[in-house]
Amino acid sequence: MLLIACPWCGEREELEFHYGGQAHVAYPANPEGLSDSEWAEYLFVRDNPKGPSRSAGHTPPDAGAGST
Amino acid sequence: MSHRLPEHPDWLWRTPDPKRSYDVIIVGAGGHGLATAYYLARNHGITNVAVLDRGWLAGGNMARNTTIIRSNYLCEESAALYEHALKLWEVLPQELEYDFLFSQRGVLNLAHTLHDVREGTRRVNANRLGGVDAEWLDTDQVRDFCPIVNTSPDVRYPVLGATLQPRAGIAKHDHVAWALARRADEYGVDLIQDCEVTGFLRDGDRVIGVRTNRGPINAGRVALAAAGHSSVLADLAGLRLPVQSHPLQALVSELLEPVHPTVVMSNHVHVYVSQAHKGELVMGAGVDAYNGYGQRGSFHMIEHQMAAALELFPIFARAHVLRTWGGIVDVTPDASPIIGPTPIENLYLNCGWGTGGFKATPSSGWVYAHTIATGEPHPLAEPFALERFTTGALIDEHGAAAVAH
């Protein structure tokens with residue numbers, strides 16, 4: 001499977017990552033000022049291109065920890 | 001010595017060139033697109049219709065699913081829509097005069113944890129309140145209903161029980177598509193393959209047709225039914241959707257003697273499996289995590305599915321994977337479809353069925369045809385409007401979808 005270079009943990013197997021969808025979606029600067037549809041856009045709408053895309057992922061803190 | 005080829009079988013539908021215009025263009029000749037065309041003709045007398053597909057008829061997810069048919073979803077809005085489909089499934093083989101091997105052999109959704117038991121019994125009660133057949137089985141009853149399930153207590157996640165929907169089952173997906181296509185074609189609907197929509201014709205903001213790789217085609221109304229490619233088409237119209245497209249893999253074993261009498265699904269030991277009429281085990285599990293349109297996924301997904309299958313069905317240990325493949329599932333945040341008009345006049349949307357569209361084929365077509373014909377959402381489709389993501393009225397069916405996302 002894919003090995004992904006995590007800047008904190010080093011190379012980890014893809015299954016250790018939680019897939020976060022489209023990368024670089026900024027939290028709104030003024031969330032209280034958004035309309036319902038703008039807030040819905042932030043929460044639910046993401047790019048879905050047929051082709052290359054940038055996605056985010058994170059490993060949980062215990063990923064890869066040995067068993068005792 | 002030369003031999004003459006036997007006569008080609010009768011074609012089930014014509015291969016017309018696109019006309020210059022139609023009353024309705026449906027984009028996507030999968031199960032839902034074909035069912036929509038069928039019900040536009042049957043229920044509304046609308047036959048000046050073209051169904052366009054960029055590939056071959058029903059070559060997308062309709063060719064790639066694990067054929068499970070059931071209506072045991074949690075929320076009453078979903079159960080109503082899937083139950084409408086199940087009632088239509090029950091009459092369609094006779095109505096379409098085509099035996100597509102619809103087999104109501106029941107579906108078990110196994111419970112392996114206390115949470116599973118609570119979720120399952122809750123869903124049984126919800127189904128019963130909604131008029132959908134549902135029973136709760138204990139471990140012994142699961143063993144009686146499907147003897148090859150490992151109901152031993154000394155496994156990592158023992159079977160604590162299961163929900164059973166007796167009227168659920170499977171059907172031969174390709175034959176379903178061909179049955180709908182044949183009848184739609186008989187009504188005069190043009191089924192046009194190798195015709196890719198590359199843009200929309202607009203008059204101001206209104207959609208008045210489509211651009212295709214075979215030229216422009218005008219239309220009174222354009223209805224998208226393109227599953228995994230819905231975002232690609234929506235982008236062409238300047239519309240963004242709460243949809244993400246993922247690979248969903250499935251596989252079959254070699255042909256085996258009949259050993260598996262029903263459909264079994266497990267969220268927790270994640271796999272779902274049935275045995276098709278001619279003997280192959282048909283199996284699936286969760287989506288591949290990344291977004292992708294490649295109609296293939298990663299091998300570790302297959303490995304995990306195999307581990308789950310062997311854990312649940314020790315008798316499968318010597319079976320072999322014959323073939324694996326993938327589809328493109330259009331997943332929404334609440335694992336429920338999006339059906340209805342769009343903000344763009346004359347453009348309609350039916351997508352987001354994600355991992356569970358096949359079972360809904362007839363009712364998706366029925367309600368979408370009504371929506372297109374009248375301009376108003378069918379009552380069963382109304383809760384699934386695109387607007388619910390703004391109002392917050394999501395219909396969360398991740399659990400009942402029974403496919404890990």
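This is a predicted model: local features need pLDDT of at least 70, side-chain atom pairs count only at pLDDT 80 or more; totals for chains, interfaces and linings use all residues.

Me: How many residues does chain B bring to the contact with chain A?
Reply: Contact here means heavy atoms within 4.5 Å. Chain A gives 16 residues to the contact, and chain B gives 22.

Me: What area do chain B and chain A bury between them?
Reply: Of the buried area, 54% lies on carbon and sulfur atoms. On the side of chain B, B:Arg240, B:Tyr293 and B:His300 lose the most area to chain A, together 34% of what that side buries. The area that the two chains bury between them is about 1700 Å².

Me: Which residue of chain A meets B:Arg240 in a salt bridge?
Reply: Across the interface of chain B and chain A there are 2 salt bridges. In the one formed by B:Arg240, the distance from N to O is 2.8 Å, which is within the 4 Å cut-off. The partner of B:Arg240 is A:Asp47.

Me: Which element supplies the largest share of the lining of the largest pocket?
Reply: The largest pocket has a volume of about 1200 Å³. Among the 40 residues that line it, the closest to its centre include A:Tyr19 and B:His246. Elements giving two or more residues to the lining include strand 3 (18-22) of chain A and helix 7 (299-312) of chain B. The largest share, 5 residues, comes from helix 7 of chain B.

Me: How many residues of the lining of the largest pocket are charged?
Reply: The lining has 20 nonpolar and 17 polar residues. The number of charged residues in the lining is 3.

Notes:
Residues are numbered from 1 along each chain as its sequence is written. Chains are lettered from A and ligands numbered from 1 in the order in which they are written. Side-chain values use heavy atoms; hydrogens and water are left out. On a 1 Å grid over the protein atoms alone, a cavity is a set of points where a 1.4 Å probe fits but cannot get out, and a pocket is an open set with protein on both sides within 12 Å along at least five of seven lines; lining residues have an atom within 4 Å of a point. Grid points are joined across faces, edges and corners, and a volume is the space filled by probe spheres set on the points. Helices (H or I, at least four residues) and strands (E, at least two) are DSSP runs, numbered from the N terminus. Ala, Val, Leu, Ile, Met, Phe, Trp, Tyr, Cys and Pro count as nonpolar, Asp, Glu, Lys and Arg as charged, and the others, Gly among them, as polar. Buried area is the accessible area (1.4 Å probe) that two parts lose on being put together, summed over both. A salt bridge is a side-chain nitrogen of Lys or Arg within 4 Å of a carboxyl oxygen of Asp or Glu.
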